[in-house]
Amino acid sequence: MTPFDDRLFRGHSSVRAHALTLPGLDPMLLPVAPCAFDESAARAPSNLPVDRGTAMALAAAQSALQAADLGATDPQRLGIFWGSGMGGSASFDATCQALYGQHRRMRPTTVLTTMPNAAAAELALRHGARGASLTYACACASSAVAIGEALRALRAGWIDIAIAGGHEAMLTPGVLASWHAMRVLAPLREDADAATACRPFSADRAGFALGEGAAALVLESEAHAQARGARSPLFLAGYATNCDAMHITQPQAAGQTRAMRAALQDAGLAPSDIGYINAHGTATLAGDAAEAQSVAEVFGNTTPVSSTKAIHGHLLGAGGAVEMVAVLRALERRCLPPTAHLSGADPAFRLDLVRGAARDAPQLRYALSNSFAFGGTNAVLIAGRDH
């Protein structure tokens with residue numbers, strides 16, 4: 001069992017308190033879920049300085065490709081589909097500090113390090129991908145959209161193999177202060193346990209904890225897999241994306257409902273076929289309420305639901321990819337991860353919430369993952385496993 005699996009199925013939170021002190025501002029105590037990742041040894045194929053997020057992306061993709069064991073591939077038929085909500089935010093924050101705080105010159109490579117498609121470009125260079133190389137910046141839906149669009153490209157026959165996923169490395173002073181100013185982070189007290197700060201679907205929920213990380217999937221067309229004699233028990237079955245077009249921050253249940261129904265139609269499935277829903281579940285008052293309403297409208301109150309953000313934090317653009325990994329782990333083990341710290345669910349929610357401990361699901365065949373973003377973008381992915 002990997003450390004990720006252990007925390008996922010035991011409901012052990014990675015969230016801790018982080019003290020942020022900036023000149024001219026009151027001290028801030030913030031909930032964060034940092035990733036134990038050392039980017040100092042990372043080497044980008046471009047030989048440019050590498051942003052922390054890009055280093056995470058390179059490491060995640062390398063791990064995924066090693067596990068896939070593809071052998072020789074046609075570079076013309078290999079594509080990169082990547083998502084990130086804030087791109088090279090670590091490098092940009094450091095650049096601003098150097099320019100305005102220390103009055104130092106900028107590196108001539110600053111733009112190349114901070115541009116939103118830096119990770120996708122480095123991934124293409126590292127793996128010789130000469131098919132599509134696309135970056136999606138749709139806030140919290142970014143990597144879910146990247147994975148879904150890769151699925152569409154494979155179905156259309158444009159490519160044979162896709163490296164799809166996303167990254168986010170935003171636990172920097174400027175970014176943390178910006179999110180704190182929005183008042184969406186869970187408040188902390190010095191005498192409280194920061195690990196329980198994020199409580200999705202709880203009656204006393206008060207906001208989320210920011211996380212960081214990266215996840216990559218190797219997707220392959222069925223025809224290409226058959227030609228090389230490969231077979232995986234797991235597959236992507238459906239995808240849909242749409243936009244609320246109503247408000248830039250307030251989620252709309254109607255748009256989420258349309259997206260889930262469209263993903264089911266894309267997969268050729270009925271609501272009753274879905275055995276688990278990995279909710280977007282940010283632990284905000286408005287976000288959880290809208291999602292509980294939309295899930296209940298599509299699935300009723302019998303489909304098990306959990307949010308894993310209380311465990312790994314809200315990874316913004318990387319969230320959809322990391323949560324798809326959680327869905328695939330659930331399908332592999334036929335076990336549903338719990339929503340951590342959910343002791344008192346909001347009584348207004350008519351959902352079957354997985355709480356307390358992981359739940360065995362011996363008949364699990366299909367699972368759905370929701371990603372609902374600022375800007376109104378909704379993305380829904382459905383994964384399945386063979387008997």
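Asp 5 is buried, with a relative accessible area of 8%; here buried means under 20% relative accessible area, exposed over 50%, and partly exposed in between, using a 1.4 Å probe and protein chains only. The structure is a predicted model, in which local features need pLDDT of at least 70 and side-chain atom pairs count only at pLDDT 80 or more, while totals for chains, interfaces and linings use all residues. Residues are numbered from 1 along each chain as its sequence is written, and side-chain values use heavy atoms, with hydrogens and water left out.

Because Asp 5 lies in helix H1 (residues 3-10) and Arg 329 in helix H12 (residues 319-333), the pair ties together parts that are 324 residues apart in sequence. Helices (H or I, at least four residues) and strands (E, at least two) are DSSP runs, numbered from the N terminus. Arg 329 is partly exposed, at a relative accessible area of 25%, and a network of salt bridges links Asp 5, Arg 329 and Glu 332.

By this rule the count comes to 15 salt bridges. One of them joins Arg 10 to Asp 6, with 2.5 Å between the closest N and O atoms. Both residues lie in helix H1, four residues apart, about one turn of the helix. Arg 10 counts as exposed at 53% relative accessibility, whereas Asp 6 is partly exposed at 24%. Asp 288 and Arg 205 also meet through their side chains in a salt bridge (3.7 Å, N to O). This pair links distant parts of the chain, with Asp 288 in helix H10 (residues 285-299) and Arg 205 in the loop between helix H7 (173-182) and strand E6 (210-211), 83 residues apart. Both Asp 288 and Arg 205 are buried.

Attention now turns to the nonpolar interior. A nonpolar core is a set of buried Ala, Val, Leu, Ile, Met, Phe, Trp, Tyr and Cys residues joined through side-chain atoms within 4.5 Å. The largest has 60 residues, of which Phe 81, Ile 147, Trp 179, Leu 210, Leu 219, Met 324 and Leu 331 touch the most other members. Apart from it lies another core, of 27 residues, among them Ala 237, Ala 263, Val 305 and Leu 342.

Six of them form an open sheet in the order E8-E15-E14-E9-E10-E12, with mixed pairing; two strands pair if DSSP finds at least two bridges between them. Strand E8 (234-243) and E12 stand at the edges with a single partner strand each, so one side of each is left without a neighbour in the sheet. Strand E10 (residues 304-306) and E12 run parallel and are joined by two bridges, and the bridge partner of Pro 304 in E12 is Asp 352.

His 341 sits in the loop between strand E11 (335-336) and strand E12 (352-353). This histidine, His 341, is partly exposed, with a relative accessible area of 22%. Its side chain reaches the backbone oxygen of Ala 195 at 2.7 Å.

Definitions and conventions:
A salt bridge is a side-chain nitrogen of Lys or Arg within 4 Å of a carboxyl oxygen of Asp or Glu. A polar contact is a pair of N or O atoms within 3.5 Å; within protein, one must be able to donate a hydrogen and the other to accept it, and residues adjacent in sequence count only if both atoms are side-chain atoms.
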